[in-house]
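Biologist: I would like to go through how some labels on this model were reached. Please set each value against its cut-off.

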Amino acid sequence: MTRWRARAYTRGVRNPPSRLRDSGLGRDLSALWRYRWLPLVTLVLAVATALIIGAVRPGSSEARFRENVLVDALPPLFGPAVLPSPFDYARLATSDGVFARVSQESGVPVEQLHQRLTAEARFNRPEVDFTVTGSGALTLARGWQQTFADAAATGTPDIERLLVQPYARQLDQTRALLDQRAADVAARPDDAAARQQLVAAQENYETAAKLSQSYEIVARSMKAAAISVVGPHAQTVGIGSTAGRLGAAVAIGLLAGVAGALVLDYARGRRPFAGAEPAPIDARPALRRRSRT
């Protein structure tokens, strides 16, 4: 074998045929290009299926939102601070006045609102959870949210007055007791015990009056605003939102198309089997010619 042929043989060993040099990624890309119509078809079918499901599914039967009421008020001059709690606002949200306004704006009877609308408060949490069920729940939830915000802004002073009613009743009781003690002293002016009881009743009345007046000032200065923590949203029934369904359809369609293209390529024998052995290479050493002396 001449030196030129030996050099060519060496190049053949170092550079195997191009069929064996092709990488798996290159073959996969070639198969995808050959069957490029298949991913497009599966993508169109998946998106169409997602749109059809969204069109034929029934309207959401439940909607939710969450509100937090922020109260700005002066501290009382006398007595402990008394402020409305989330439970008070949950009762306000389901009161007859709020339901009457929601019924007027939505056209849904009040009797149905009592069954479809619920407001729930929990301990150690400032928010109130609102739930609306039935057809058109999302529209009804939006109207209820606005109605509750208006009621909280205007009705917080009344809630405060209801909370401090025990102090108002205490003022009435101390006034009645003071009148009775004054009548006893008038009937028995020389009775020292009666005069002492009159002084104690006078002090109790003054304390109750200060408390009642202090809480009335707090109620008049109160300002409340309902803040939406979670806006009204529909609770879907296991099929997700439109954007979610379309995203899932695109992903599934593309994956199905790619997998189908590779399967077709295997089925038609367009790529070698994984266990196929390469062609044998003649590894015999090249013979060098003996140089003439």
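Biologist: What makes β1 and β3 a pair of strands?

Modeller: The model is predicted, and in it 6 bridges join β1 to β3. Two strands pair if there are at least two bridges between them, so β1 and β3 count as paired. They run antiparallel, and F65 stands opposite F130 in β3.

Biologist: How do you know that β1 also pairs with β4?

Modeller: By the cut-off of at least two bridges: 9 bridges join β1 to β4, residues 223-234, so this is a pair too. These strands also run antiparallel. D72 stands opposite K223 in β4.

Biologist: Why is α5 called oblique to α8?

Modeller: The two helices pack at an angle of about 120°. Roughly perpendicular covers 65 to 115 degrees and roughly antiparallel starts over 145, so α5 is oblique to α8. Their axes are 9 Å apart, and the crossing is right-handed.

Biologist: Which residues make that contact?

Modeller: From α5 they are D88, Y89, L92 and A93. From α8 they include W144, F148 and A151.

Biologist: What makes W144 a contact of F65 and F130?

Modeller: Contact means heavy atoms within 4.5 Å. W144 touches F65 and F130, among others including V98, V102 and L117.

Biologist: Which residues have the most contacts inside the largest nonpolar core?

Modeller: Y89, L117 and W144, in a core of 26 residues. Elements that each supply at least two residues include β1, α5 and β3. α8 gives the most, with 8 residues.

Terms used:
Residues are numbered from 1 along each chain as its sequence is written. This is a predicted model: local features need pLDDT of at least 70, side-chain atom pairs count only at pLDDT 80 or more; totals for chains, interfaces and linings use all residues. Side-chain values use heavy atoms; hydrogens and water are left out. A nonpolar core is a set of buried Ala, Val, Leu, Ile, Met, Phe, Trp, Tyr and Cys residues joined through side-chain atoms within 4.5 Å. Buried means under 20% relative accessible area, exposed over 50%, partly exposed in between (1.4 Å probe, protein chains only). Helices (H or I, at least four residues) and strands (E, at least two) are DSSP runs, numbered from the N terminus. Axes are lines fitted to C-alpha atoms, for helices over the stretch in contact, and angles run from 0 to 180 degrees between N-to-C directions. Angles under 35 degrees count as roughly parallel, over 145 as roughly antiparallel, 65 to 115 as roughly perpendicular and the rest as oblique. A crossing is left-handed if the near helix is turned anticlockwise from the far one by less than a right angle, and right-handed if clockwise. Lists of a residue's contacts leave out its neighbours within four places in sequence.
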